[in-house]
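This report describes a structural model in terms of its interfaces, domains and secondary structure. The sequence and structure are shown first.

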Amino acid sequence: MSKSYKRKGLESVWDKWGWIFVSLMMAGVILFIFYPIVYSLYLSTFSTRGFLKTFVGFGNYTKLFRDTYFILSLKNILTILVIQVPIMLFLALIFATLLNDPKVKFKAIYRTALFLPAVTSLVAYTVIFRVMFSNDGLVNRVLMTIGLIKEPIRWLLDPFWAKVTLIIALTWRWTGYNMMFYLAGLQNIPIEVYEAAEIDGATKTVQFFKITIPLLKPIILFTTITSTIGTLQLFDEPMNLAAGVVTGSSVGPGNSLLTPSVYIYNVCFKYSPNFGYASAISYIIVIIAAVLAIIQFKVAGEKE
Amino acid sequence: MNNLKNLWENYNLGTVLLNSAKISLFVVVFSIVVSSMAGYGFEIYASKSRNRVYSALLLTMMIPFAALMVPLFRLMYFFNLIDSHWGVILPMIPSVFLTFFFRQSFKQYPKEIIMAARVDGANELRIFFSIVLPSMKSSYAAAAIYAFMTSWNAYLWPLVIIQSEQNKTIVLMISSIASGYTPDFGVVMMAVVIATLPMLVVFFALQKQFVQGVLGSVKQ
């Protein structure tokens, strides 16, 4: 735009209008994102109990390393992250590849069916999963009828199975969402590339690993980073999957579904509120998110 | 049907649905106006300094919401907006994702039309609101669905801000009925269906625009 309007004076006019158009958004972002980021950092150096505020410097951060609940929440979230994200993204890639095949019929129906879970409310689907995965729920009954298991699996009452349930729920909800990004990327790959590979005798599996994955690398990186950040923020699902299952003070059996976000919420609004400590937890999560993103960039070998 | 009656009589279903509708309506209208203006500003009047601001904006998408929650809560306390719907609505208006989405969409807008309007002496704001905006219907439809989805389904932030029963949203209601010790799952399922129905109707009505919008914004 600016190139075609190099006449003197116009540049500054466009600059003014540019700022006018972005100003409302910037005001919102400064107030509701930038200011909270800075204030959170400041607050994390204080221990707060109600109106009492004592400066503790890095005290909150050193306290975190001795906080068994916090460490447990980190362990939980990293376990879920390492298992769930790769499974989901691989599934999404496979679905996208299948749906991109020109020979497949009723594509729109499959695409809608796979994407539909992404439209549902996190709370609503989690509640349904809780019912389905209860001891006498649909899942156990089906598994027993087809003879896969002899006695009901204690899905939500056992720490291990609770995590499995959460992983299944997350995969159901988000696979279609990620698939959409891959589909968009696949449509940019000319069909001739695959036809040429076919003539050279490459099987579908070879095509998938040698053409699809390398060409989709930027989008795979994008979905990996967004899924990682999404997982680090997990709140709605563990809260509602765990609710009422054991006691009010434990998130899932033996706190197996305790995530950092849930812990932050508990520190702020459930126990005696300590906003300073909660801010310190938030900052650790931000740092973990940033470090993981950098690692993912490095692994993908993207130079930006 | 008994479940529906129970929901209506014992759980204020009507009020709760109205609350959700009110919050979503305001979020959708304000956030698509604000973020489409920003997307337009960043794309049509691109400059070096604004591109830097844009990059900083995109980086904030990396920050988990939980990290902003505490200061936001204090901010809302300062504005006296705890337990009010505006307290829920305001922070949901500036959407970085939608700004990104609109900027991508405006890349495809023919610049000649804007030039022609300028030659005709139209004011920049007028060009945007009466020429550009009406011709981008499918982008706006997709953005509206996205904004509606996020605001209608929001849980954590309303949970923090809303405290009294009569201000609750449908999602909060479902969560609180379901987390009781012996929840009546018939009632819960009824509430889930009622909460999901508007989403499905909107999604199926505007599905084409939505899918194209999502695909288009990634394609570049």
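How many residues of domain 1 of chain A are in contact with domain 2 of chain A? 10 residues of domain 1 of chain A are in contact with nine residues of domain 2 of chain A, where contact means heavy atoms within 4.5 Å.

## Basis of the values

This is a predicted model, in which local features need pLDDT of at least 70 and side-chain atom pairs count only at pLDDT 80 or more, whereas totals for chains, interfaces and linings use all residues. Residues are numbered from 1 along each chain as its sequence is written, chains are lettered from A and ligands numbered from 1 in the order in which they are written, and side-chain values use heavy atoms, with hydrogens and water left out.

## Domains of chain A

Chain A is divided into domain 1 (16-59) and domain 2 (66-300), with bounds that come from an automatic or database domain assignment. Taken over C-alpha atoms, the centres of domain 1 and domain 2 of chain A are separated by 30 Å. The two domains of chain A bury about 760 Å² between them, and 45% of this is on carbon and sulfur atoms. Buried area is the accessible area (1.4 Å probe) that two parts lose on being put together, summed over both. On the side of domain 1 of chain A, the residues that lose the most area to domain 2 are A:Ser44, A:Thr48 and A:Arg49, together 47% of what that side buries.

Between domain 1 and domain 2 of chain A the rule finds zero salt bridges; a salt bridge requires a side-chain nitrogen of Lys or Arg within 4 Å of a carboxyl oxygen of Asp or Glu. Four residue pairs, both at pLDDT 80 or more, are in polar contact across the interface of domain 1 and domain 2 of chain A. A polar contact is a pair of N or O atoms within 3.5 Å; within protein, one must be able to donate a hydrogen and the other to accept it, and residues adjacent in sequence count only if both atoms are side-chain atoms. H1 and S1 of chain A each supply at least two residues of the domain 1 side that touches domain 2. Helices (H or I, at least four residues) and strands (E, at least two) are DSSP runs, numbered from the N terminus. The residues of this domain 1 side of chain A divide into four nonpolar, five polar and one charged. In this classification Ala, Val, Leu, Ile, Met, Phe, Trp, Tyr, Cys and Pro count as nonpolar, Asp, Glu, Lys and Arg as charged, and the others, Gly among them, as polar.

## The hairpin of chain A

Strand S1 (residues 46-49) and strand S2 (residues 52-55) of chain A run antiparallel and are joined by four bridges; two strands pair if DSSP finds at least two bridges between them. A:Phe46 has A:Phe55 in S2(A) as its bridge partner, and A:Thr48 stands opposite A:Lys53 in S2(A). Two residues lie between the strands of the hairpin of S1(A) and S2(A), where A:Gly50 takes a positive phi near 60 degrees.

## Chain A against chain B

Contacts between the chains involve 73 residues of chain A and 75 residues of chain B. About 6,600 Å² is buried between chain A and chain B, with carbon and sulfur atoms giving 80%. The rule finds six residue pairs in polar contact across this interface of chain A and chain B (both at pLDDT 80 or more). H1(A) gives the largest share of the side of chain A that touches chain B, 22 residues. That side of chain A divides into 51 nonpolar, 18 polar and four charged residues.

One salt bridge is found across the interface of chain A and chain B. The side chains of B:Arg50 and A:Asp15 meet in a salt bridge at 3.1 Å, N to O. B:Arg50 lies in helix H3 (residues 48-59) of chain B and A:Asp15 in helix H1 of chain A, so the pair joins two chains.
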